[in-house]
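I opened the model to look up its cross-links, its core and a few of its helices. My entries follow in the order I made them.

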Amino acid sequence: MSFRYSFFYFMLLFVFALGAQGALASSAFAENNSSFFEKFEKFRNTNPSIHQWVTSVDSPWYGYLNRYFDEALSPKDNHDYLAWQKAGRCLDVIQIDVLGFLNANRELIPVFEKNEHIRKFFEDKIAVRYSRGFRRCQSHNLLTSYGFFKKQASSFSFLEYGGLGESGRDYVYTKEQKVRLVELETIMKLAICDDYQAAQTDLLNWHNELFSTLLPDDIYYYLAQRLERKKVYKIQNGLKLKRKKLRNWRLINEAAFEGNIEKLRFALPYWFQSCTNMKPIKL
């Protein structure tokens, strides 16, 4: 880790330590730290896969990864987190993930402070794979680099990417199109599978402001309804027209109301299958 990021990280630890110093004094707290370190070293010797590190009951991380890292951020930190994603500052995004993770698991602050290899493992193996913010940041960078935002709305078609479904199997992609496809699908998974508000807003904004053919009506309708449930998006009159075209709008409404992937089984079957095939961080 560079000096810049190391300094930022330890400044965060300093803030945490002030609030946690009382807990640090307890023998139970110290015992828990030792237990985590011992479990980490023992499990590492079994040469596990990254999926086993996240899901195995023998992993020291088991039970600590039931929340997205950004869920424990303050409004101010979350504001920075989102701004840095759009600015392409992906390594800074990871540092905010550390902050959110430790905010939710304060007993691990001294573990991260005293054992650099454990902190580095979290940053380099777990956070880069499961952080919603890091994945969105990388996708924004690559979509920008490969001309996604330079395309003219009149020439852009969602079907250029095969609709991310059956219709695109025989399509021959250029390298530029392949990258855009992969990163657009990442944003779609963040929005639908991870219910990430920032990615949901991305897709609706891109559809409304850049590419009117970006999203099919059922996905647009689901995302708009989902954001309305979160009180961050106001349904427009045009959405009512989309609803008239949808046979399954009631199912989509139900799925959006609950934010439940299971409800997408019949409403959005392709995305239900895509989401359930993922290896989620939530256990």
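**Cross-links**

I began with the torsion about the S-S bond of Cys193 and Cys275, which is about -80°, so this disulfide (a pair of cysteine sulfur atoms within 2.5 Å) is left-handed. The sulfur atoms of Cys193 and Cys275 are 2.0 Å apart. Cys193 lies in the loop between α9 (175-192) and α10 (197-209) and Cys275 in helix α15 (residues 269-276), so the pair ties together parts that are 82 residues apart in sequence. Helices here are DSSP runs of H or I with at least four residues, strands are runs of E with at least two, and both are numbered from the N terminus.

A note on the source: this is a predicted model, in which local features need pLDDT of at least 70 and side-chain atom pairs count only at pLDDT 80 or more, while totals for chains, interfaces and linings use all residues. Residues are numbered from 1 along each chain as its sequence is written, and side-chain values use heavy atoms, with hydrogens and water left out.

Are Cys193 and Cys275 buried or exposed? I used these cut-offs: buried is under 20% relative accessible area, exposed is over 50%, and partly exposed is in between, with a 1.4 Å probe and protein chains only. Cys193 is buried, with a relative accessible area of 13%, and Cys275 counts as buried at 10%.

How many disulfides does a search of the whole structure find? It finds two. The other entry I made is for Cys90 and Cys137, joined with an S to S distance of 2.1 Å. Cys90 lies in helix α5 (residues 90-104) and Cys137 in helix α8 (residues 132-145), so this pair ties together parts that are 47 residues apart in sequence. The link of Cys90 and Cys137 is left-handed, with -95° about the S-S bond. Both Cys90 and Cys137 are buried. With bonded cysteines counted along the chain, the pattern is 1-2, 3-4.

I checked the length of α5 next. At 1.5 Å a residue, its 15 residues should span 21 Å, and its end C-alpha atoms are 21 Å apart, which agrees; the expected span is 1.5 Å times one less than the number of residues. I found 12 of the 15 residues of α5 buried, so the helix is largely enclosed by the rest of the structure. Among them are Asp92, Gln95 and Asp97.

A nonpolar core is a set of buried Ala, Val, Leu, Ile, Met, Phe, Trp, Tyr and Cys residues joined through side-chain atoms within 4.5 Å. Which residues touch the most other members of the largest one? Of its 69 residues, they are Trp61, Phe101 and Leu203. The largest share of this core, eight residues, comes from α5. I listed what Phe101 touches, not counting residues up to four places away in sequence, and the list includes Trp61, Tyr64, Phe112 and Phe122.

**Around α15**

The axes of α9 and α15 come within 11 Å and cross at roughly 90°. That makes α9 roughly perpendicular to α15, a label for angles of 65 to 115 degrees. I noted that Glu185, Met188, Lys189 and Ile192 in α9 meet Tyr270, Trp271 and Cys275 in α15.

Last, I looked at Leu268, in the loop between α14 (264-267) and α15. Leu268 counts as buried at 3% relative accessibility. Leaving aside neighbours within four places in sequence, Leu268 is in contact (heavy atoms within 4.5 Å) with Asp218, Ile219 and Tyr222.

Terms used
Axes are lines fitted to C-alpha atoms, for helices over the stretch in contact, and angles run from 0 to 180 degrees between N-to-C directions. Angles under 35 degrees count as roughly parallel, over 145 as roughly antiparallel, 65 to 115 as roughly perpendicular and the rest as oblique.
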